[in-house]
Amino acid sequence: LEELEECVPGAEDVENAYALKELGQSINRFLLTQPKRDRDLFLGRYYYVYSVSEMAKCHGLKEDHVRTILSRMRQKLRLWLEKEGYTL
């Protein structure tokens, strides 16, 4: 099996990939429980890496309001993940 190490990922890599996939699925489940606008803001900021000012303009909100929504979303996500068994 040592000969295959160069072309097959190790067990640790597979475990990490699986854990990341599970985490992603948990985050997706969380996002589906959130209002569309909040979900769009969260994805815009943390997936598409839009600036707060870009998202505020796009959604017709003040930047402080967008920051507040994102802060609350992060708090809710932390609680969700803790309930799902993740330790942060």
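Author: The mean pLDDT of the chain, the predictor's confidence in each residue from 0 to 100, is 88, and 86% of its residues reach 70 or more. This is a predicted model, in which local features need pLDDT of at least 70 and side-chain atom pairs count only at pLDDT 80 or more, while totals for chains, interfaces and linings use all residues. Residues are numbered from 1 along each chain as its sequence is written, and side-chain values use heavy atoms, with hydrogens and water left out.

Reader: Where is confidence lowest and highest in the chain?

Author: Confidence is lowest in helix 1 (residues 11-32), with a mean of 86, and highest in helix 3, at 97; helices here are DSSP runs of H or I with at least four residues, numbered from the N terminus.

Reader: At what angle do helix 3 and helix 4 pack?

Author: Helix 3 (residues 52-59) and helix 4 (residues 63-83) pack at about 105 degrees, with axes 9 Å apart, the axes being lines fitted to C-alpha atoms over the stretch in contact and the angles running from 0 to 180 degrees between N-to-C directions. The two helices are therefore roughly perpendicular, a word that covers 65 to 115 degrees.

Reader: Which residues of helix 3 and helix 4 meet?

Author: Val52, Ser53, Met55 and Ala56 in helix 3 meet Glu63, Val66, Arg67 and Leu70 in helix 4, where contact means heavy atoms within 4.5 Å.

Reader: Changing topic, which residues form the aromatic cluster?

Author: Tyr47, Tyr48 and Tyr50 form one aromatic cluster, where rings pair if their centres lie within 6.5 Å. Tyr47 is exposed (over 50% relative accessible area, with a 1.4 Å probe and protein chains only), at 59%.

Definitions and conventions:
Parallel < 35°, antiparallel > 145°, perpendicular 65-115°, else oblique. Buried < 20%, exposed > 50% of the residue type's maximum accessible area, 1.4 Å probe, protein only. Phe/Tyr/Trp six-rings, centres within 6.5 Å; stacked < 30°, edge-to-face > 60°.
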